[in-house]
Amino acid sequence: MHGYCAEKIAPETATGGLQKVAALLGGARVLSRSLTSPLDAHELLLRGLPASALDHLVGQLVIIGKTDSLEKAVGMSLRTWQRRKDTPSRPLSPEQSGRAWKFAEILAKATDILGSQAEAEQWLERPAIGLDQRRPIDLLGTPAGVELVEDHLDRLEYGVYA
């Protein structure tokens, strides 16, 4: 597990990746702070993302809508998300915050690798040979599934899978 944390935080969530993820969640304006390190992100997620960060993320999506797919990725039903709009000042739970952050992180990485956010969202929705014909978005509900999707993205990035 030691290598996992260092490996996952250092290259991908170094400041550039961190800023891309923060931007998908509304940036400093929505998050009420700018993030300069992975520890800043950790503290923010522990306290809970503002509900408006999830609204911003959903609003940024081009292809994936407020669907079952998004519910699987973020772990919040559409109905719960709509109810949350009535209490915008109440932050998301640390678990919901972490899942929203991870979804934004994977979306940002896939966008970098595939060239556009629309391509990244289509990739998330399509069955992948490297994932035993499972859709990447369907695997985001568990840490093990997230790791499979991240490993698959790494393989795509380095040309191991076409």
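**Salt bridges and buried positions**

Glu150 is buried, with a relative accessible area of 7%. The model is predicted. Lys102 forms a salt bridge with Glu150, with 2.6 Å between the closest N and O atoms. Salt bridges with shared partners join Lys102, Glu105 and Glu150 into one network.

- Lys102 belongs to helix 8 and Glu150 to helix 10 (residues 143–157), so their pairing ties together parts that lie 48 residues apart in sequence.
- Lys102 also forms a salt bridge with Glu105, where the closest N and O atoms are 2.4 Å apart.
- Glu105 and Lys102 are 3 residues apart in helix 8 (residues 94–114), and therefore separated by about one helical turn.
- Glu105 is buried at 10% relative accessible area, whereas Lys102 counts as partly exposed at 21%.

**Other salt bridges**
- The structure holds 9 salt bridges, one of which joins the side chains of Asp40 and Arg33 at 3.8 Å, N to O.
- Asp40 is buried, with a relative accessible area of 17%, while Arg33 is partly exposed at 25%.

**Leu25**
- Leu25 sits in the loop between helix 2 (15–24) and helix 3 (27–31) and is buried, with a relative accessible area of 0%.
- Not counting residues up to four places away in sequence, the contacts of Leu25 include Leu49, Ala53, His56, Leu57, Trp101 and Ala104.
- The C-alpha atoms of Leu25 and Leu49 are 8.9 Å apart, across 24 residues in sequence.

**Helix 9**
- Gln117, Ala120, Glu121, Trp123 and Leu124 are buried in helix 9 (residues 117–125).
- These residues lie on the same side of helix 9 because they cover an arc of only 155 degrees around the axis.

Notes:
Residues are numbered from 1 along each chain as its sequence is written. This is a predicted model: local features need pLDDT of at least 70, side-chain atom pairs count only at pLDDT 80 or more; totals for chains, interfaces and linings use all residues. Side-chain values use heavy atoms; hydrogens and water are left out. Buried means under 20% relative accessible area, exposed over 50%, partly exposed in between (1.4 Å probe, protein chains only). Helices (H or I, at least four residues) and strands (E, at least two) are DSSP runs, numbered from the N terminus. The arc is that of the directions from the helix axis to the C-beta atoms. Contact means heavy atoms within 4.5 Å. A salt bridge is a side-chain nitrogen of Lys or Arg within 4 Å of a carboxyl oxygen of Asp or Glu.
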